[in-house]
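Trainee: I have a new model open and would like to learn how to read its features. Could you take me through it?

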Amino acid sequence: MELHDGEIDSQIHQSCVTTSMTPDLPLTLVDKPNKRRRKKSIVWDYFTVQTVEDGCIRAYCNQCNKSFAYITGSKLAGTSHLKRHIALGICPVSRERNQSNSSPTTFTNGNAANPPRKRYRATPTFVSIPFDQNRCNHDIAIMIIMHEYPLDMVEQAGFIDFVRSLQPQFNMMSYATVQEECTSIYLREKESLLNFVCGIPSRISLSLDVWISSDTTCYVFLKGHFIDNNWNSHCLMLNVVRIPSLKDDALNLAVLTCISNWRLDGRVFAFTVDQSFLSDTLARNFRTFLVANDPNFLNGQLLLGNCLPQVLCQLAQSALSSMSEVVWKIRESVKYVKTSFVREEKFLELKGQLQVPCTKELSIDNQTKWDTTFHMLTVACELKEVFSYLEESDPSNELSISTDDWKVAETLCTYLKYFFDVANILTSPCYPTANVFFPEVSKIQTELTNASMSQDPLVRDMTKPLKDQFDKYWNDSCLVLAMAVVMDPRYKLKLVKFIFSKVFVQNEEDWTRIVDYGLRDLFLQYTMETLTLSESFGEDGNIDISINETHQEEHQGEIYLTTGDGLSDFDVYISEISENEQTKSELDRYLEEELFPKSQEFDVLSWWRLNRYRYPTLSKMAYDILSMPVSTVPHDSVFDTEIQRIDSYRRSLPPAILEALICTRDWLRYGSLLSPSPSTEMSDAIVKREI
């Protein structure tokens with residue numbers, strides 16, 4: 001039965017009146033007259049309502065006769081979905097008419113066939129949203145890149161049906177089309193990033209990581225680390241190069257490709273590699289190659305020998321392997337509790353009865369992430385009393401952890417904690433500056449050195465192999481990390497002397513002198529570059545011997561001008577002090593100034609941003625030293641115990657497409673390069689306040 005608008009309104013009104021006359025409900029509509037009212041929405045020019053069954057009224061499209069929910073019982077569905085059916089071109093009849101008339105259907109106040117009805121209020125005009133095929137293609141490509149979806153998903157039937165249900169006008173992309181769109185996005189983003197990199201004043205440090213595929217093909221991942229004009233730190237993927245194997249020529253070619261693509265000739269400052277996949281001969285040849293291609297490497301001294309997270313992972317695995325029997329017992333005990341709801345409830349009940357203050361949750365470790373094993377052991381040690389009572393009260397529990405076993409686990413956790421604290425710094429999405437690592441790495445060296453000479457055989461036997469393993473990284477990297485911490489105004493060279501006095505007890509002065517000489521050699525190189533630029537642009541250099549000599553001659557001439565007050569000796573004294581001050585370099589003045597007060601919110605980059613005019617040459621050094629990388633792995637892979645592998649899908653892609661997808665995803669996730677860090681203003685305020 002078809003009802004007219006007024007009849008429907010009358011039925012609804014009569015129903016409300018009947019409801020309002022119920023004794024337990026408030027009287028709201030009974031006094032209102034039963035007037036026939038027209039529907040106010042203009043959508044009813046395109047729809048007719050019909051009663052389907054008792055309490056259910058549906059709206060039917062006048063053009064395609066498709067039905068929509070309108071009233072079900074006491075629920076009113078509204079008209080928004082009806083408007084979309086016409087305005088967005090979902091109605092097939094309306095879409096065909098629009099295409100033939102080349103003008104979209106719009107909600108207006110009437111037309112020639114149906115004159116406008118009287119309205120109680122002004123009704124807005126709804127215009128169909130313009131459809132843009134190119135924009136949709138771009139958005140799908142971005143989605144595939146960001147979420148690492150397979151390119152052929154655009155040809156999968158389920159995805160095609162889903163997209164067509166959202167927008168029937170969309171012409172689905174082919175595999176080749178989406179591949180071209182992704183490549184186009186990559187090229188645009190790369191051009192923008194290249195212009196940005198070419199415009200920064202600092203050098204670029206590189207890190208190199210290698211992933212392996214199932215067919216033993218190698219993929220070299222090269223990242224760039226640098227600080228921009230606003231003193232913001234950046235770590236961005238630059239290249240992904242497929243090579244047949246880890247040989248000298250192939251590895252060198254990958255690095256040369258990166259340097260050439262990004263115009264980094266003469267601009268590479270430091271290089272970090274993971275030596276776990278390099279033989280000693282290959283590492284030596286690689287160092288020679290880098291030095292030959294860029295003399296700024298200071299004879300290879302800035303080529304960091306290894307990736308810090310990989311070193312820490314190897315230490316953790318060695319420590320866990322040496323105590324594997326105890327680790328296995330604790331892991332099985334945790335599994336015994338966690339794999340049964342009844343046993344876990346009993347365990348928690350015992351914990352409450354014993355009033356164990358541990359608030360951490362017991363969890364089974366993931367053996368591909370060594371930090372999860374560390375957390376499992378730490379929590380288990382805090383709950384050892386509960387485990388002991390569970391063994392006594394549960395006859396079915398065949399596992400037994402002795403007091404000596406718990407002592408081994410606690411000792412193991414003590415040294416795993418040192419490794420974890422350092423590795424955890426690198427889990428931040430914002431790559432940390434190089435100055436933070438020297439104190440932490442030296443702490444590991446100090447603790448392992450002391451423990452290896454312990455009177456306790458358990459501690460000594462556990463840590464002696466770890467110290468021998470860590471010594472190589474410390475000897476290769478401590479000087480470079482020490483130079484980085486000198487660029488921190490809270491520590492400078494004083495912290496280096498203090499730590500070396502504990503690590504190198506007998507020859508601390510020699511090691512400190514090596515760091516000092518390295519800094520001065522590097523500062524001299526930057527000074528010469530500044531003088532060269534000054535000659536080119538007609539500006540004064542920061543340190544110019546000829547200028548200083550001229551000033552000395554002028555002052556010497558002034559010394560003998562007597563004032564007649566009998567204080568000529570005082571004039572000579574003042575002149576000598578002035579000469580000494582003038583001959584001091586920026587580096588000398590920086591090192592001699594008092595240390596900056598330590599605070600938890602201190603930002604070293606903000607300090608150098610505010611002091612770059614006081615130390616114009618030294619700040620250029622800080623640009624490059626503070627951006628040196630100590631890691632080659634992504635921040636979410638710091639604790640991985642397995643080598644990174646390329647899956648079969650990525651291996652099937654052409655090398656150029658694989659590089660485009662991986663690099664573009666990294667750049668899009670990173671966001672705008674030109675926007676400063678959110679904490680910049682706060683950090684500047686803290687530094688200014690302390691100054």
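Mentor: Let's begin with burial: a residue is buried under 20% relative accessible area, exposed over 50% and partly exposed in between, using a 1.4 Å probe and protein chains only. Helices (H or I, at least four residues) and strands (E, at least two) are DSSP runs, numbered from the N terminus. In this structure, 7 of the 8 residues of α22 are buried, so α22 is largely enclosed by the rest of the structure.

Trainee: Where do these values come from?

Mentor: This is a predicted model, in which local features need pLDDT of at least 70 and side-chain atom pairs count only at pLDDT 80 or more, while totals for chains, interfaces and linings use all residues. Residues are numbered from 1 along each chain as its sequence is written, and side-chain values use heavy atoms, with hydrogens and water left out.

Trainee: How many helices and strands does the protein have?

Mentor: The protein has 26 helices and 9 strands. Of its 691 residues, 46% are buried.

Trainee: Back to α22, then. Which residues of α22 are buried?

Mentor: They are Val 604, Leu 605, Ser 606, Trp 607, Trp 608, Arg 609 and Asn 611. Arg 609 counts as buried at 10% relative accessibility.

Trainee: What joins the side chains of Arg 609 and Ser 606?

Mentor: First the idea: a polar contact is a pair of N or O atoms within 3.5 Å; within protein, one must be able to donate a hydrogen and the other to accept it, and residues adjacent in sequence count only if both atoms are side-chain atoms. Here, a polar contact of 2.9 Å joins those two side chains, Arg 609 and Ser 606. At the start of α22, a side-chain oxygen of Asp 603 also comes to within 3.2 Å of the backbone nitrogen of Leu 605.

Trainee: And how many residues of helix α23 are buried?

Mentor: In α23 (residues 616-626), 9 of the 11 residues are buried, so this helix is largely enclosed by the rest of the structure. One of the buried residues is Ile 625, with a relative accessible area of 1%.

Trainee: What does Ile 625 touch?

Mentor: Contact means heavy atoms within 4.5 Å. Not counting residues up to four places away in sequence, Ile 625 touches Phe 269, Ala 434, Met 483, Ala 484, Met 487 and Leu 522. Across the protein, among contacts between residues at least 6 apart in sequence, 69% join residues at least 24 apart.

Trainee: How do I read a pair of packed helices?

Mentor: Axes are lines fitted to C-alpha atoms, for helices over the stretch in contact, and angles run from 0 to 180 degrees between N-to-C directions. Angles under 35 degrees count as roughly parallel, over 145 as roughly antiparallel, 65 to 115 as roughly perpendicular and the rest as oblique. Helix α9 (residues 308-322) packs against helix α16 (residues 457-486) at about 165 degrees, with axes 10 Å apart, so α9 and α16 are roughly antiparallel.

Trainee: What about α15 and α17?

Mentor: The axes of α15 (residues 437-452) and α17 (residues 492-503) come within 10 Å and cross at roughly 10 degrees, which makes α15 roughly parallel to α17. Residues in this contact include Phe 438 and Pro 439 of α15 and Ile 499 and Phe 500 of α17.
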